[in-house]
Amino acid sequence: MSDKPRVLSLMQPTADSLHLGNYLGALRQWVALQEDHEAFFGVCDLHALTVEVTPAELRQRTLRAAAQFMAAGVDPEAAPVFVQSHVPEHAELMWVLSTMTGFGHAARMTQFKDKTAKGGQDQANVGLFTYPILMAADILLYQADKVPVGEDQRQHLELTRDLAQRFNSRYSPTFVVPEPHIVKSVGRIMDLQDPTVKMSKSASSPNGIIELLEEPAVNAKKFRSAVTDSGREISYDEEAKPGVANLLSILSAFSGRPIDVLVGEFEGKGYGDLKGAAADAVATVISPFRERTLALMGERSELEQILARGADRARGVASRTLAKVYKKVGLLPPVRR
Ligand code: TRP
């Protein structure tokens, strides 16, 4: 047992490659947090089943996601890396928590409403509805103090906290009530083709997102064709110059230099210079990242062993929590024969 605060986060294996937003918004934070926290990082493949995916693709993406965590610097010795479905306690705790979640509360989740806005609720599966309860189970099983997530997950964290508090007061103190760890300093990474929307895998055009595992030359080209504006001046203004502001944010995040310093350096230079500098700064970081990911993918059985060890360590914690929960709610323990 460690006396460091505990952090936990999971990422969905919904794409063949993570993108720049995942890297800055999640992976880089995870790597920083593992230093002075007891950390657990997972690939939430059960969540990924809420949208249709081919089985072979899901398996491949699950491995790739785990490989990318480690390529980014997650150290699986320090911070177990595991696959959610390898730890059956997630689905088990979720059932108990679902019996304590108000139907109305779940129906108020804005992400569910957004995701079902297009096709209507009749087109949605029930898993999409109970998704936040599975997420609550992910978190509460590990007694996590802090959960690094994006702003879009804040409401799910609130539900998680409510469930923990409800359980603790109905039975007795059982769960740590987790805090969201939402990093704002990075600014939002926007789509290169439409800098008014967040860079995301549901982007309208593949040219708008920088995939970490893409060929470096392809990413360089995407930067060259990034949308800016008809002006010439390089200044940071999210409203009036969202494209330029986004390029400055990206360059700043990857070069470690503050935006105002960059704006000074680019005085008298053109948008092409800024695009080139952003592309180079990103390539310097993600080229070795890509190499490491491909190397890990090339040693599949080793990668699977790392995940097996991660799942063992995760289960060590998760099974203790679940046993307490089952006992407190009154499920009859099986006796050994
Ligand atoms: N719902 C999260 C997302 O889409 C992923 C997730 C699932 C998660 N379980 C989690 C994040 C537990 C943090 C902790 O971003």
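Which element supplies the largest share of the shell around the ligand? That is α7, with four residues. This is a predicted model, in which local features need pLDDT of at least 70 and side-chain atom pairs count only at pLDDT 80 or more, while totals for chains, interfaces and linings use all residues. Residues are numbered from 1 along each chain as its sequence is written, and side-chain values use heavy atoms, leaving out hydrogens and water.

**View 1. The shell around the ligand.** Here you'll find S9, L10, Q12, C44, H47, Y131, M135, D138, I139, V147, V149 and Q153 surrounding the ligand, each with a heavy atom within 4 Å of it.

View 2. The side chain of D138 has an N or O atom 2.6 Å from a ligand nitrogen. For Y131, a polar side-chain atom sits 2.9 Å from a nitrogen atom of the ligand, and Q153 also places a polar side-chain atom 2.9 Å from a ligand nitrogen. On its own the ligand exposes 370 Å², and the protein buries 88% of that (Shrake-Rupley method, 1.4 Å probe).

**View 3. Q143 in its loop.** Look between α7 and β4 (146-148) for the loop that holds Q143. Its phi is positive, about 55°, though Q143 is not a glycine. Most residues other than glycine have a negative phi. Q143 is buried, at 14% relative accessible area (buried means under 20%, with a 1.4 Å probe and protein chains only).

Note on methods: A polar contact is a pair of N or O atoms within 3.5 Å; within protein, one must be able to donate a hydrogen and the other to accept it, and residues adjacent in sequence count only if both atoms are side-chain atoms. Helices (H or I, at least four residues) and strands (E, at least two) are DSSP runs, numbered from the N terminus. Buried means under 20% relative accessible area, exposed over 50%, partly exposed in between (1.4 Å probe, protein chains only).
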